[in-house]
Amino acid sequence: MNIGNRPFSTSAHRGNIELGKLFSRRLLFWNKKKNTRQMPWKGEKNPYKIWLSEIILQQTRVEQGLKYYENFIKAFPEVRALAEAPEGKIFKLWEGLGYYSRCKNIITTAKFISNDLNGVFPKDFESILELKGVGNYTASAIASFAYNLPYAVLDGNVFRVLSRIFDIELPSDSTQGKKYFSELAKAILPEKKAGEYNQAIMDFGAIICKPYPACGICFFNDQCKAYRQGKQDLLPVKENKIKIRERWLNYFVVRYRDSVLIRQRKSKDIWQQLFEFLLIETNEKVSTKKLLKLFTRQYGITEFDFQNSHPVTQQLSHQLIQFSFLQIQLKQKKTISPFLWVKISELNKYAFPKSLQELVVKHIK
Ligand code: ADE
């Protein structure tokens, strides 16, 4: 019987707290003696750097995040440098990470700390949690790594580890599951070593208790409830109620000689602040003939040559994007507000969504 379906305060649960404490002790020992994983933010005490690393790591895997982290720290060694930088430069450094609203939050938070807090990063959990773009996970990470405050991190790694050790079948993305895992994580946290423990459990989840776990070399395989029942690959359980929205983004790469039309996305939608080409979005797949008709009707352009490119699909977390591209060569230059004419050789100065960058910008000559 797994404990996740019982209230937190039962006697079965108290047994689990004991098991958790044993796990924490062995984890810290493993961390000291065996864990050789190196990352530039490990052991870091500067809350600004920790904050940046954690926001980047919400977006990407550690291997890919390293370069972004180094570039950010190099360009903006402290919070004031980030707060005072031109936004275009920050977006350019963020390019490729996706979820651009998070980049906007970084800018807002850097300005808030720099202007309202006199450049001093907040030092208690509640104030850290109030920063824009900082949720429970990130606030716990910053509070424990920078100040050794007793807050347990709960990310995908930790859900996986705890669900296996305690054989918890509650979905980690359900309301009940989140509450349960959070209470459990808090109960087994060694309070005086919160920072060390939090980093160790994330490393353990990345090195040993991976999605396909290395139970044979795990220091806890004699105690792990999932392993003892051979069900480690079935945990954690995910509820996953995500509904996927399908969209058709029909781009017109409109050129006149060596210039191309682009604009900055302003609406509250994906890729806010990033640049794109002329776009007609539709609710379904539309033929090239129909698209050209829409283009002519909307922009009053009749004199052009065109070339069709292969359609491409991109899966985002909640959206399936179907791209199509039409290369349009104008016979006469025309001003189309709010688009800008930009020299093709200068396109690399503008931050584009990763998909447009890879699919088009790199290939336009
Ligand atoms: N993922 C998120 N934060 C992390 C950290 N501090 N170390 C390793 N992986 C992480």
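Strands β1 (245-256) and β2 (259-264) pair in the antiparallel sense over two bridges; strands and helices here are DSSP runs, a strand (E) having at least two residues and a helix (H or I) at least four, numbered from the N terminus, and two strands pair if DSSP finds at least two bridges between them. The model is a predicted one, in which local features need pLDDT of at least 70 and side-chain atom pairs count only at pLDDT 80 or more, while totals for chains, interfaces and linings use all residues. Residues are numbered from 1 along each chain as its sequence is written, and side-chain values use heavy atoms, with hydrogens and water left out.

Arg255 stands opposite Val260 in β2. Strand β2 also runs antiparallel to strand β7 (residues 340-343), joined to it by four bridges, with Ser259 facing Lys343 in β7. A further antiparallel pairing, over two bridges, links β2 with β3; here Gln264 has Phe275 in β3 as its bridge partner.

Side chains of opposite charge can pair when their charged atoms come close. The structure holds 17 salt bridges, a salt bridge being a side-chain nitrogen of Lys or Arg within 4 Å of a carboxyl oxygen of Asp or Glu. One of them joins Glu276 and Arg265 (2.7 Å, N to O). Glu276 lies in strand β3 (residues 275-276) and Arg265 in the loop between β2 and β3, so this pair ties together parts that are 11 residues apart in sequence. Glu276 is buried at 1% relative accessibility, and Arg265 is buried at 7%; buried means under 20% relative accessible area, exposed over 50%, and partly exposed in between (1.4 Å probe, protein chains only). Both residues belong to a network of salt bridges that also links Arg247, Arg263, Asp269 and Glu281.

Elsewhere, Asp203 forms a salt bridge with Arg37, their closest N and O atoms being 2.7 Å apart. This pair links distant parts of the chain, 166 residues apart: Asp203 sits in helix α11 (residues 194-207) and Arg37 in the loop between α1 (11-33) and α2 (47-57). Asp203 is buried, at 0% relative accessibility, whereas Arg37 is partly exposed, at 22%.

Lys231 and Asp167 also meet in a salt bridge (2.8 Å, N to O). Lys231 lies in the loop between α12 (225-228) and β1, and Asp167 in the loop between α9 (156-165) and α10 (175-188), so parts 64 residues apart in sequence are tied together. Lys231 is buried at 13%, as is Asp167 at 3%.
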